[in-house]
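Here are some short notes for a colleague who is new to this structure. Please keep the model open while reading.

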Amino acid sequence: MTLPRMRRLAVGAAATLFLAGCAGGTTGSTNDGGDKPVAAISQADIDKAMKTPTELTFWTWLPDIEKEVALFQKKYPAISVKVINAGNSQAEYTKLRTALKAGSGAPDVVQIEYQHIPGFTITGGLLDLRPYGAEALKDRFVDWAWGQVSGRNGEVWAIPQDTGPMGMLYRKDIFDKHGIEPPKTWDEFAAAARKLHAADPSVYLTNFPTNHNSIWTGLMWQAGVKPFQMKSADQVSVDVAGETSKKLASYWSGLVKEGVLSADADFSDQWFQGLNKGRYATWLTAAWGPLFLSTSAKETRGKWRVAPLPQWTAGEQKSGNWGGSTSAVVKTTKNPIAAAMFAQFLNTDPESAKMLTTLQFLYPPTKALLSDQGFVDQKSDFYGGQQVNKVFADISDTVPADFTWLPFMDQINNDWNETVGKSLADKTDTDAALDKWQQTITTFAEKQGFKVAR
Amino acid sequence: MSVMTVPPSRRASARRNGVGYLFVAPFLLVFVAMLVAPLAYAGYLSLFREQLIGGVSFSGLDNYIQALSDERLLDGVLRVSRFFLVQVPIMLGLALSFALALDSGMMWLSRVIRLGIFLPYAVPGVIAALMWSYLYGPQFGPITQLAEALGLPAPNLLSSDLMLGSVANIVTWEFTGYNMIILYAALRAIPTELYEAAAVDGAGAWRIAWNVKIPALRPALLMALIFSVIGSFQLFNEPELLQRLAPNVIDSAYTPNMYTYSMAFISQDVNYAAAVSFLLGLVIVVVSYTVQFAVARRRT
Amino acid sequence: MTVTATAPPRAATGAAHSAAAGRRRSPLLTLGMLAAFVYFLLPLFWLVVAATKSTGALFSSFGLWFGDDFALPANVRNVFTADGGVYVDWLLNTAMYALVSAGGAALLAALGGYGFAKFAFRGNRLLFGAVLGAIMVPSTALVIPTYLIFSNVGLVNTPWAVILPSLANPFGLYLMRVYVEGAVPDSILEAARIDGAGEFRIFRQVVLRLLAPGFVTVLLFTLVATWNNYFLPLIMLNNPSLYPVTVGLANWAARASVGGGGTGDVIPLVVTGSLLSIIPLIAAFLMLQRYWQNGLTAGGVKQ
């Protein structure tokens, strides 16, 4: 063999997704943010800063975001924004964390997913945007998106950019063929799963991926579980194995063990083929899913429809969220005013926000767009002419607002794979796996110096 | 060390040998800056611990003590030991057979075949994983489809029973050709007289291979073996890439090196990761010397 | 790790034989080796086939044969035009990093290998042992310390952050030392010294020439290592216009599956981009075949 050192460094493409962690960095002092009252920056200071020639660096993995940036630069010609694609999510966070640790090299503005914000705020990596007028934007966003960018003491750590309220994409042709109605409740969903697989053993009602916990977390969210909460600066509550979670576990592990659902890794080659070849009759996904599907399963054009997630209680309407990100300002910025104004402009300027939905296909968190006719009335041929955005706009109203995250979500997510995910894949005791998950999170949190409540 | 011819005069030789420092200095300079300094820094970090709440504190050898009783680490070390004991003999056995076959001059198309087998070495691990993950696919992968077409039960190559074998297959695919070339090159350098002598004695191809060629390959095989020790115990890329397809089979402590990686980048525990790395380095040194010692003893 | 040298220098340039030349050829052996040949090329065949397909065909037609459409030209065009043609930057970056690293590493290894092989200075064995011992420690834990050191001297997000760590190649040093022992007879050095040549002139004018095959070997192996390097540039570089092709492709691949604004259409880009990226390496190996095979001969045979 050769050069083991070099060979080892050549990690793979696929691995980037799972590259690196995101529980806080290590730069010493813990910053719990604003117990002190914050003084607003005066409009005069803002005006002055926005007329001073400034260069900002913006890390984002959105393609072609330069178009939106150009709108900002047109309005503020003195400010120039350098867009850098520093990698997708984890790859970017790893760089941001190392740069923060080194004390140089971090950008001014950065794209961060909701669940990873606390990992950066606990080490003092992000700037509280309240002094820059961010609080006034609260009413423009759906409350559950705003809740996720808000700190425990009312800080505004980032501006929401897009969201992923969860729904169900289903194959109308397969449903029709077997006389299945789109399930409205999880009970109907389970019955449909059994019926479908019995009628055609090569088809599963859905695939429950065991390679990440995004869907699991979204389903906890839908079921009203509040698994991750910061109680105080050094106290967290972890509740991933309570009664409701156990109910979820017995439901999903039951169907997987019966063999009427598949448990393949998603976003894998096999999974793409499964979508194309009709192995899965539904995809439980988020509002960004419809477009993704239409580009990766082109063969199935016209066969899909969109519906809300099935419910635990008939007649109720609840959903969870999967994905979505924000624009945050890094604490080390030398131009906090311009950076904060840019983060706000990008996601709230009507033209820029609309562009994010049409050029980058993001699902909007702003109330204005969610009720914008041009946006919600669009019809999609891939979904048989259905108004997909409208369905998800309605779902967006049903996402509970009080879901929060802990500062070490990477550890938590990784532990899920090795406990709950593993038990689903191996068809072993998911109940015990949930307890194990609870326990590994607790152990990690305590090792990091947190007090842990259930 | 190399044996040098007797120098003309001791003093001149001592002065000249001093020039040796100048020759090795550029390499050592870069080596110190790029490897020793980070190593020393990592060694320093391994003596501390750092918490999200509470910050950095000196912890002496605590990380090392913790690592020695860390069952996940131990499991990983045992797994790569198993890997080493099975995969390396297969890979080097294949490489040796291929090299002997090429050297025998008894085949057609030997140039083309030689290059074809060597080609995977030039393929980045990233791309190798992309290709194999397709071939391994449990429903639509060609291996499964072939088994189904023949009416055989399709093996799930990504299940926990077969995973280590699937990893071993990728490593074998990537590095057999490389080892083959090294061995083949060594074979080509064996002095012709040795063959002629054997041929005169009436030895056939098999006997020449066994009695003349393989003993002559011993140093080349030893080198390949030592690098395989390092490669096996530092196994990382291939399981890391397959983890995406089967994260429940390959956990974050599947191999010791994946464990240090996960500690450094998922658990944000650079300090513990550094300690584990040094312990793993120690294991590799011990195994390498054991292998060398075993080979040397057999020779005498 | 000291594979000691006792044998006299053997012909390092492949002058040896093929004892069996002219021996009867065996169809059975050829068939067996052809089977191995198929195994080693099968995944690459998949890559070639996959590069000819559009997204739809990629996931709906049988993977080991061509589909109905032939999308290769379109795929290649898309690879070179996506994101403003950044793929060309990536290829050029990779070539630049790999060539500079490989050239530098081979030169340092040649100097060092010669120094270690031919000069009995104090500490020779100890230093050489230390160099080889260092590769035993896994480098995963070194990435963060290296980043912090580089950050302090302002090297992060520059090409040097990728090139400098590749310059110290212990395996290359080992190979070169062994090679020097085989290919550079002491008598030539003595003759040159008697002619009054300085040590560095001897190296430049006599030794380097004798070392050419070993030099090319180390060059190629470092080239492969740098070409395939992924993790280090991933951490060290922020700017996509500085990325090597591995990191760039990984970036595209990640786009195919990350939630939010993702699209499955990039998969043919990744597949075709992968195929195009390994072609230069394979070409380099084919063209320089004679050199590296001879270079390895010395590395392998010494005892």
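1. Start in chain B, at the hairpin of β1(B) and β2(B). Three residues lie between its strands, and Gly54(B) takes a positive phi near 115 degrees there. Keep in mind that this is a predicted model.

2. Now the strands themselves. β1 of chain B covers residues 48–51, and β2 of chain B covers residues 55–58. They pair in the antiparallel sense, over four bridges. Phe48(B) has Phe58(B) in β2(B) as its bridge partner.

3. Move to chain A. Its domain assignment gives domain 1 as 38–163 + 324–370 and domain 2 as 166–319 + 403–453. The centres of domain 1 and domain 2 of chain A, taken over C-alpha atoms, are 30 Å apart. In the contact, domain 1 of chain A places 12 residues and domain 2 of chain A places 11 residues.

4. Look at the side of domain 1 of chain A that touches domain 2 of chain A. Helices α5 (117–121) and α6 (143–149) of chain A each supply at least two of its residues. By class, this side has six nonpolar, five polar and one charged residues.

5. Chain C also has a domain assignment: domain 1 is 31–70 and domain 2 is 72–301. Their centres, taken over C-alpha atoms, are separated by 30 Å. Domain 1 of chain C brings 10 residues to the contact, and domain 2 of chain C brings 10 residues.

6. Which helix gives the most to the side of domain 1 of chain C that touches domain 2 of chain C? That is α1(C), with four residues. By class, this side has six nonpolar, three polar and one charged residues.

Conventions. Residues numbered from 1 in each chain as written. Chains lettered and ligands numbered in written order. Predicted model: local features only at pLDDT ≥ 70, side-chain atom pairs only at ≥ 80, totals over all residues. Domains from an automatic or database assignment. Contact = placed C-beta atoms within 7 Å. Nonpolar A, V, L, I, M, F, W, Y, C, P; charged D, E, K, R; others polar. Pairing = 2+ DSSP bridges.
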